[in-house]
Structures are given as C-alpha cells and as structure tokens.
Amino acid sequence: MATVTARRWPLVSLAAIVLGAFVVYGLLSTLVGVPRVHPDEVRYMIGASSLVDGDGLSLRGDEYGFGPIHAAVLALVLWLSPDLEGAYPWFKLVNALFWALTAIPVYLLARRLLSEWWSVLAAGLAIAIPSSISVGTVMTESMAFLTGAVALYATMLALERPSLRRQLLLLGAIAVAFLTRSQLGVLYVGWLLALGLHWWISPAARVNVRRLWPSTLPLIAAVGLLLARIASGSSPRDSLGAYWELWRGYSPIGVAKWFVYHLADFELYLAVIPLAVAPIVLAHLVRRGRAGAVVDSAYASLFAAANVTGLLVVAAFTSTPWGYDRLHDRYAFYLLPLWLIVFVVWLRDGLPRPLVATAIGAGFAIVLPALLPFRQLANEAGIDTVPGALWVWIEQQVAGPGPLSGQRLLAVFVVGLLVAMLAVPRRAALTLAAIVFAVFAVTSVLAWERLIDAPEDAVFAGGLERSWIDESVPDGALVTKLYIDTECGSALERHALFLTEAFNASVGRAAYIGESTPDGLPIERVDVGPGGALLLSPGNTLAAEYVFTQRGIDLDGEQVATGTNAELVLWRVDGPVAVVGAESNADLAAMACA
C-alpha cells in the first residue's frame, strides 16, 4: 500500500502543476485588457462570430483559410456568452487551460526516458516557458502548444512500435494539430524523417515497409489534391489557403541564416544549458540506440527530425518579406519541451561531461549567440520574440556612457551559464534546473509586463463602451469599416479601428481608401470619385447600410454614434457611400487632418 501511495505522488504533483498553472495564467490573462496583436486576434474573433451567427466559418464574408478547430472552440465560448465583450475574458481562460494541460503530454513523452519525478520536472519546466504570454492573446498559440505536444508524444509511440493503431493515432493527432494551426502539418514530415533516422540508428527497429501504408495516406492525399488543382486550371499555391503567398522561391542562404538565428534564439531562450548539453545526451541516446535500445533511438530521432523540420519552416517564413526581418520563436516554441526533456535526462544521468561532446556543446553555445545580431534578440516584437523582453530591459538598464552594454552582458550571460554547466557538482544538479527556471521566471515577468502595459488599452480607457456599434444598430444590421491613412493618423486611431471591429459582431465588411495599407484581412479598395462617391471601380460605387470611420471624414448620411478615445464615428448611409467635401483621395486625406 505504501508503494502504491508513493507512486501516486508524482501524478498528484503533476495535477497540482496543471491546476496551479491554470490559475496563475488565468489570473494574469485578466490583466490584458484588449487584444494586442492585429490583425491576428481580430481574425479569430471574426471567425468565431461568423460561426455563431450561422454564416459558416468566414472572414468578412470571404473564405476563412485558417485552421477551423480554434475558431470552433472560440465559437462555443461566444455562444455561451452574451456578446464578444463578455466572451473575451473567457477566450483567454480557455487559453490558460490549454496551456496548463500541455504538461500532461509532455510528462508522458518524458516518461519514455525518465522516471516519474524527473518527468514531473520536465513537464513543469515546459509550461513555465515565457511564451506563456500567448495565453493573454486570442490566438492559436496556446491550443497549438497542447496539440503539438500531443502529436510529438504520438510520434514517439509510433517510432517505438509503428503498429496500425499507433500510426492511426499519430495521424489523427497531427491532423488535429494541423487543423488548429496549419504550420503544424510539418509534424507529418517530421514523422517520416524521424522514422528514417530511427531505422538508421537502430536496425533492430526496422519493420516491413508495407506495414507503414497508413502513414502514406496523407502524402497520397496531398499529391492528389495538388494534381486535381493543376488539372482544374487553378494555381498550386491555392493549396496553401490563406498562406498562398508562401508558394514562392526561397533563398537557401537566407533560409540557412534564419535557421541559425532561430537556433541561437532557442539557446538564449532556454538559458544556454539545455542546448549546450544536447550533444552529450543525444550522443548517449544514439549509442544506446545502436546497441538495441529502441526508446533511446526513437527519442533521438524525434528530437532531430522535429527540430530540423520545424525550424526550417520558421526560417523559410522569416526569410520572406512577411517575416519582417525579425525572429519568430512564436512559431517554434512548441519544440522547446524536447530540449527541456534532454536537459532533464542530463540531470538525471548525473551531469556527465565527456570531453568531445561537452566541447561540441560548449562551442555551439559560444558561436551561436556570436552569430546572432543583438538587435534581433533585443527587439520590441513582444509576442514574436519573447526573450526580447529580457534583453530590451537589460539594454535599457545599461544605456548611456560606460563600459557596459547589452551585448557585453549577453556574453557574460552565456559564459556564466556555461561555467555553471561545467562546474556545478552532481549533488547540486537541481541547482541548474533552478537557474533555468529563474531565467524563465524573470523573462516571463518582463514579457507579461510588456503585454499588459500596452498602448491598445487607451482605446477604451475611462470605461468607454466596447460594443458601442452593436449597441447603436438594430439586430442583423451590417456595418462596414472604412479608413484612410493620413499624415495626422495615430496609433490610437489604428488600434481603435481594429478593436472596434473585434468587439462588434455587426461589423462584417471593410474598405480602405486609395493607397492606404490594407489591414491584413479580406478588404476592398475604394477611391474618391466625382461628387465624393467611393468607387470600387469606375461606375461601381461602394454601398453600405452603416459605416464607421475615423473622425474628420464626413459621409453623406446620418451620424448615429461616436465611440473610443479616437472618436470614431458611426454613420447610417443606407445606399451608395459618398464623402462630403472631397473630390479625390488627396482632398479626403487633407480634410481628415483639418
């Protein structure tokens, strides 16, 4: 009985971690007042609204183009809520639940190599990563973290024994991950690569290829879909849905550069030590795999394949103009539990430091940060480059004259952690885990502060009504968002345009005027024509029932309401939309700033 009770304590501890993480992250999410990431959060809220309204999954009446599962979950929350404003905090609480539950598949994955208590440590570290700030956003990251971890665990099981049942479970897990976030479809490629690596490392793991027929089904389906599109005369890039722009040529040098940069970002994100010890652990796992240890070979193969394929996808995207020349650990953090499990294996094994593998790990740990431009690390893209919260803060503390700089302190950070890795004795192994956790904690505090103290809060500051449009129009009314970029335009105004749409389900269409920047969602361009008419094309006038737009643009219609601290205006038009007092785009831009 005592033995059974003792075995329950790790599971009790895991449950406590899940519950504690849910409570902590749920409370933190309440401090995020409004959506921060545009247009991403608005997109998912629009998708949820379209489902609840019975319009199917769409964006402003156009094809949705993104994974439907997340939108379906949000739609369920919205259906149970009075409106979008009431649903917003619950969206984030659901995120907190998904994030906390990720500890369970990470624990199960770690158990393939570790005992219960060591696996609890790995699971706890995994959900302590600073990317937890994603909980405070209405985006797919939290759910993708969970579904990605489940898919990685299913891949591990299938590598160990690729039975029909395990392959089908794997394909199902990858499908759920893919339908949550399309990028996670790369896990299927990772599975195929991991299988090849596993067979190369451990000949004992090889099976008759014919037993793998279930794993060929997605490949056959993808090729069939591509050929069908070509045969129908449509472009192959349509297969990528909303990501059609990524059907393009890529520079191998550019992709390789961003691959290295993201690997360096991983190192600094993880507090150096997990990357530095990875060669030690992986070499040991490969040796055991070659000696017949299938589990060790499977994990080494999974680790290598998932990281190579996952980081290649992120690097390829970042090398495009839509990568905005900055790091995107936002798209790769689902891989971090693999590194943390390797780290915990090293701790469990007693901090082994074989000369060659240790030298390789230390060499990588020194070279990678040296190759990464410091500006890439210390940037203000809060959700994209989470470690930036720490390094922007450090750079601010040492700004001004003097010998210290952010780059020099980064060197001290790397060298100091390497010294700890090499010098801490075995009996103090958990000290290294505490150091990694401490770096996570400090970075998390700074990252959450950056997310919480954001300028978007000014839009409704003072208790202004968020659903001001829905409160002003009858049920079933369709409202069009209209805007023009001007020299006098402000960040407050841009945030107000996005957030008004986010919290008002009646907004279902949008148009931008002239050479203004599209807002990243399905939108139409209009130009000011004779008599102030807004023309979609010559002779084709924009028509709308209601329109909301920025202050300074007078429409031919009835002013119904104003809202937000940017003083946006809602107009009733009931027909062709025309501006008063302007005959061209330039006239309107000048009038808006008058």
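Predicted model: local features only at pLDDT ≥ 70, side-chain atom pairs only at ≥ 80, totals over all residues.
**Stop one: the disulfide**

Select C488 and C593 and show their side chains. These two form a disulfide, with their sulfur atoms 2.1 Å apart. A disulfide is a covalent bond between the sulfur atoms of two cysteines. The count for this model comes to one disulfide. Now follow the chain away from each end: C488 sits in the loop between strand 3 (479-483) and helix 20, while C593 is in the segment after helix 21 (585-592). That puts the partners 105 residues apart, so the pair links distant parts of the chain. Look along the S-S bond and you'll find a left-handed link, at -90°.

**Stop two: a pocket**

Next, select D53, A477, A505, S506 and V507. Of the 28 residues that line the second largest pocket, these lie nearest its centre. The pocket's volume is about 460 Å³. Which element gives the most to the lining? Colour helix 2 (40-52): helix 2 gives four residues. Strand 1 (58-59), helix 20 (491-502) and strand 4 (507-513) each give two or more. Colour the lining by class and you'll get 11 nonpolar, nine polar and eight charged residues.

**Stop three: T309**

Finally, jump to helix 13 (residues 294-318) and pick out T309. Is T309 buried or exposed? With a relative accessible area of 10%, T309 is buried, because buried means under 20%. To see what's around T309, show V186, V189, G190 and L193: T309 is in contact with these, leaving aside its neighbours within four places in sequence.

Notes. Residues numbered from 1 in each chain as written. Heavy atoms only, no water. 1 Å grid on protein atoms, 1.4 Å probe; cavity = no way out; pocket = protein on both sides within 12 Å on 5 of 7 lines; lining within 4 Å. Points joined across faces, edges and corners; volume = space filled by probe spheres on them. Nonpolar A, V, L, I, M, F, W, Y, C, P; charged D, E, K, R; others polar. Buried < 20%, exposed > 50% of the residue type's maximum accessible area, 1.4 Å probe, protein only. Contact = heavy atoms within 4.5 Å. Disulfide = S-S within 2.5 Å.
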